[in-house]
Amino acid sequence: MPSESPAILVIDDDPDIVRAATLLLERNGMRVLGALDPDAAWVRLAEGPVDAILLDLNFARGRTSGEEGFRMLDRLIAADRNAVVVVVTGHSGIAVAVQAMRGGASDFVIKPWSNERLLATVERAVALRRAKLAAAPAPSGEEALLLLGEAPAIEAARRLIARVGPTDAAVLLTGPAGSGKTLAAQLLHRTSPRAERPLVTLGAAVADLAMIEARVAAAEGGTLLIEAVDQLASTLQPELARRLGGLRVLSTSRRDRAGTRAALSDDLRFRLNTVEIDLPALSDRGEDALLLARHFCALYAGRYAQPLRPLTEEAARAIAADAWPDGVHGLRQAIERAVLLGGGEAIDVPTLGLSLPEDTLEPRAIKADLNLGRSEAALISAALKRHAFNVSRAAAELGLTRAALYRRMAKYGL
Ligand SMILES: Nc1ncnc2c1ncn2[C@@H]1O[C@H](COP(=O)(O)OP(=O)(O)OP(=O)(O)O)[C@@H](O)[C@H]1O
């Protein structure tokens, strides 16, 4: 860590949490500013910039949607595009944390945290912030909207987008996390006669009637993008269906077609699925992961004014073989970090935080544990370390859902 002590802003409405984080981080050479609510946070930020921000997503106790936290996250990133925000959420909030990462958070921590992990996360955040500042991103870096890939399903999706984009047809986009649904929706809007009008997003998982009314009004004459529509409360579905006149409606769901249909009331479904586009998991797209990885290497090298470093042969193999549980989103983040934080001539496997496909050897400690009756805690701990505490990857390797992995991590104090 560089000599000047990093400044960390901790935004949490629980003074005990602020105190605990302060003790830990100060003991490790950091300067900590505490804020019990967003207003106090802005006052702190006005006093001077910070290296990382720990943001509790649920200010008002008992709330779980994280809505207030999301607003704060948006504002923090709008105020400073290099802000590095780590969101903090309770066990119930894993989906919310993942959504926050998509909204620009750089990492997340689940409460109750382990000190070791919190510290490692904050140190990573500080390194990322410093690398971002040092790299001085080219201000012009508007990214072109491109749905890249040569897999047949992606080619089919591009053809469908070109055909139905310019119409007013409602399009339902299905596919797993990070498969490009939002990107496809942006393309559909961009190629439509409404392109100059707003594309307004409604997050169905956290929507209530007031939010529905506000977003529908904001999308008037433009396009409404309903994200995770399968998660909309059943009582709200007829309310939403009734308000969709006069809008172009695009929607996304991580469930497959049948699962999505089953989650929607007839009246809402008829308004949404005139055309359906499926986007497959990145791991089912053959060489596309590698093609996208090379694209992101060039994109981030340009954006951060870094030399374009190639992928080593092993890195290319590891990328092609990985399960990519967070889809293109996860791949993109891995490459951004590697471009910003990696040194050397080329981007290698450790810089990406991946493992080589044939690397099936378990560390010796694990073997001993297996002989002693399969210590679940040791297996989980090793998987987490192997994946640099990336819970999605560790869970994928262990064959667990993320929620199941978090439960076990809490059980074993990992
Ligand atoms: N085929 C692709 N070509 C280029 N970039 C892509 C492609 N697919 C996805 N991306 C990029 O990957 C990231 C994740 O994609 P996107 O947000 O569209 O996924 P999603 O399916 O909406 O995910 P979620 O279910 O988590 O909302 C975005 O930055 C997007 O631009």
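Start with contacts, meaning residue pairs whose C-beta atoms, placed from the backbone, lie within 7 Å. Among the protein's contacts between residues at least 6 apart in sequence, 70% join residues at least 24 apart.

A caution before going on. This is a predicted model: local features need pLDDT of at least 70, side-chain atom pairs count only at pLDDT 80 or more, and totals for chains, interfaces and linings use all residues. Numbering runs from 1 along each chain as its sequence is written.

Now the overall make-up. The protein has 19 helices and 10 strands. Those are DSSP runs, numbered from the N terminus: helices are H or I with at least four residues, strands are E with at least two. Of the 414 residues, 37% are buried. Buried means 20 or more other C-beta atoms within 10 Å of the residue's own; exposed means 12 or fewer; partly exposed is in between; here too C-beta atoms are placed from the backbone.

Over to Ile154. This residue is in helix 6, residues 152–164. Ile154 is partly exposed, because 19 other C-beta atoms lie within 10 Å. Leaving out residues up to four places away in sequence, Ile154 touches Leu147, Gly149, Arg285 and Asp288. Pro280 is 126 residues away from Ile154 in sequence, yet the C-alpha to C-alpha distance is 8.0 Å.

Asp56 next. An unreviewed UniProt entry annotates Asp56 as "modified residue: 4-aspartylphosphate". UniProt positions are given in the numbering used here, feature names are shortened, and annotations may be inferred rather than shown by experiment. In the model, Asp56 is in strand 3, residues 52–56. Buried or exposed? Asp56 is buried, because 24 other C-beta atoms lie within 10 Å. Its contacts, not counting residues up to four places away in sequence, are Ile11, Asp12, Asp13, Gly69 and Val88.

Helix 18, residues 391–398, is mostly covered, with 6 of its 8 residues buried. Those are Val391, Ser392, Arg393, Ala394, Ala395 and Ala396. Just after helix 18, Gly399 takes a positive phi of about 75 degrees.

Last, backbone geometry. Where is the cis peptide bond with omega near -5 degrees? That bond runs from Lys111 to Pro112. Pro112 sits in the loop between strand 5 (107–110) and helix 5 (115–135).

Two residues other than glycine have positive phi. Ala305 has phi near 50 degrees, in the loop between helix 12 (288–303) and helix 13 (313–321). Ala305 is exposed, because 12 other C-beta atoms lie within 10 Å. Trp324 has phi of about 40 degrees, in the loop between helix 13 and helix 14. Trp324 is buried, because 26 other C-beta atoms lie within 10 Å.

Methods. Contact = placed C-beta atoms within 7 Å.
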